[in-house]
Amino acid sequence: MTVLKKETTVLKNFINGEWIDADCNETLDVPNPATGEVIIKVPISSKEDVDKAVQSAKEAWKTWKNTPVPKRARILYKYHYLLSENHEKLAKLVVQENGKAYKEAYGEVQRGIECVEFAAGAPTLMMGESLSNIAEEIDSEMFRYPLGVVVGITPFNFPMMVPLWMFPLAIACGNTFVLKPSERTPILANELVKLFTEAGAPKGVLNIVHGAHDVVNGLLDHDDVRAISFVGSQPVAKYVYERAAAAGKRVQALSGAKNHHIVMPDADMEKAVSHIISSAYGSAGQRCMACSAVVVVGDGDEFVQTLKERADELIIGNGLDDEVLLTPIIRDSHRQKVLDYIKIGLKEGATLIRDGRKEMDEKHEGTFLGPTIFDQVTPDMTIAKEEIFAPVLSLLRAKDLEEGLEYIRKSRFGNGATIYTKDAKAVRQFREEADAGMLGINVGVPATMAFFPFSGWKDSFYGDLHVNGKDGVNFYTRKKMITSRFDY
């Protein structure tokens, strides 16, 4: 594992194939959330740095767009090999800067590698369509072409997977790329770029600029940027979408969530509890597919008691410990917001049956919060409506499936939802009526694989074409139609 020396190390930007210092006077500390130790510093780059990166990508595109698609794919095959060879190292870097448990980090790395596998199919993915004799002696064909310079702005919670949702497919389609990773988890992004360069990517095809608001705005406004891929909180996603779309860019902005899990009376309670615990408290609840609201249908007192008992048994600590499931929140500033939500839940009348604040005193060195459970939550309460992004679970009671589905319909978010049941009729009704883009049947985290779109609805997504799958290919390409006459 790479040893990072906090007293001397400031991350560099990667522009036109070179690691260079940012043009800035400010850096931010990047602490290990489990220990509080500062492991590196990240530069707050300027708009001048942004322009250098975009111009590098623009120049590289002149050649890259004409590079044969199989040649692009071969670079991705090599990249896939290098990522696989460094699987363990990458997972440990995720644990170090993000704080999540090693098993989850290892799984995240695997999901990222799978995205590269999908992108390596570029010769097939880039295929067009044709039809002869659309009229007498006239044929029609469709070809795909890249857009140009595209940008990825990625979040802290999946520093490996989300960047690999974006730049491998974008580059495979013939675009060049500028990556702006979260300033909270910038280390792995640099490692991904290093390995991509080692795989044979030409200068300027992939660039990285670290920073915060000025960098984001500089990328959103830049005349030479053609498309923006973003993942983050709902307010920022809306802002990114509106600002970039107003500038005439394609945008896909993945946003927040409030994912409901409906537990029917006939569900396998032990399995349902196990899935919900893992979904709600894995990654400290800091993922957009986490279970954050459980709808208990019928008399659910036994289920609730079992859920609380399992939460009490969770081991909390550093993600490098094999037994740990619940890891720290990314920063204390976010934990303070979560504590405010707990106070609001109590004030609005929810019953706090498991108070995770008690573990804070036992874990002084990191930004920990124990598993927290509210019962008797109603849909009008703040904790039922807003994304908390933490190990805080709200339990709502419903008399039947229809009432549970109504809770989902009323939510402003529509990322995911799950039902636990053995009843095929209930499954079909849930599938047809649940107002969310990714559904699970007895599955705790119904996130899609790389060859399907990550299909959030409502305020969980801004745009038309989602990341991954055919949507991703369509987002990163434009179509050119050719109509040919042959009766001359």
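This is a predicted model: local features need pLDDT of at least 70, side-chain atom pairs count only at pLDDT 80 or more; totals for chains, interfaces and linings use all residues.
**Entry 1**

I looked up the strand order first. Seven strands make an open sheet, and I read the order as β14-β15-β16-β13-β12-β18-β19. The pairing in this sheet is mixed. I then asked which strands lie at the edges. They are β14, residues 351–354, and β19, residues 438–441, each of which pairs on one side only.

**Entry 2: β13 and β16**

I went on to one pair within the order. Strand β13 covers residues 291–297 and strand β16 covers residues 392–398. The two run parallel and are joined by five bridges. I checked what stands opposite Val297, and found Ala398 of β16 there.

**Entry 3: a helix across the strands**

I looked for what helix α15, residues 424–433, lies across. The strands in question are β12 (259–263), β18 (416–420) and β19. Against the edge strand β19, I noted an angle of about 170° for α15.

**Entry 4: α8 and α9**

I turned to a helix pair. Helix α8 spans residues 213–221 and helix α9 spans residues 234–246. Their axes come within 8 Å and cross at roughly 35°. I recorded the crossing of α8 past α9 as right-handed. Which residues make the contact? From α8 I listed Asn217, Leu220 and Asp221, and from α9 Tyr239, Val240, Arg243 and Ala244. Sorted by class, the contact has four nonpolar residues, one polar residue and two charged residues.

**Entry 5: Glu191**

I located Glu191 in helix α7, residues 187–198. Is Glu191 buried or exposed? Its relative accessibility is 10%, so I put Glu191 down as buried, the cut-off for that class being under 20%. Leaving out residues up to four places away in sequence, I found that Glu191 touches Lys89, Leu90 and Leu93.

**Entry 6: Lys343**

I located Lys343 in helix α12, residues 332–347. Lys343 has a relative accessible area of 52% and is therefore exposed, since that class begins over 50%. I also looked up the separation of Lys343 from Asp312, which is 31 residues away along the chain. Their C-alpha atoms are 21 Å apart.

Definitions and conventions
Residues are numbered from 1 along each chain as its sequence is written. Side-chain values use heavy atoms; hydrogens and water are left out. Axes are lines fitted to C-alpha atoms, for helices over the stretch in contact, and angles run from 0 to 180 degrees between N-to-C directions. Helices (H or I, at least four residues) and strands (E, at least two) are DSSP runs, numbered from the N terminus. A crossing is left-handed if the near helix is turned anticlockwise from the far one by less than a right angle, and right-handed if clockwise. Contact means heavy atoms within 4.5 Å. Ala, Val, Leu, Ile, Met, Phe, Trp, Tyr, Cys and Pro count as nonpolar, Asp, Glu, Lys and Arg as charged, and the others, Gly among them, as polar. Two strands pair if DSSP finds at least two bridges between them. Buried means under 20% relative accessible area, exposed over 50%, partly exposed in between (1.4 Å probe, protein chains only).
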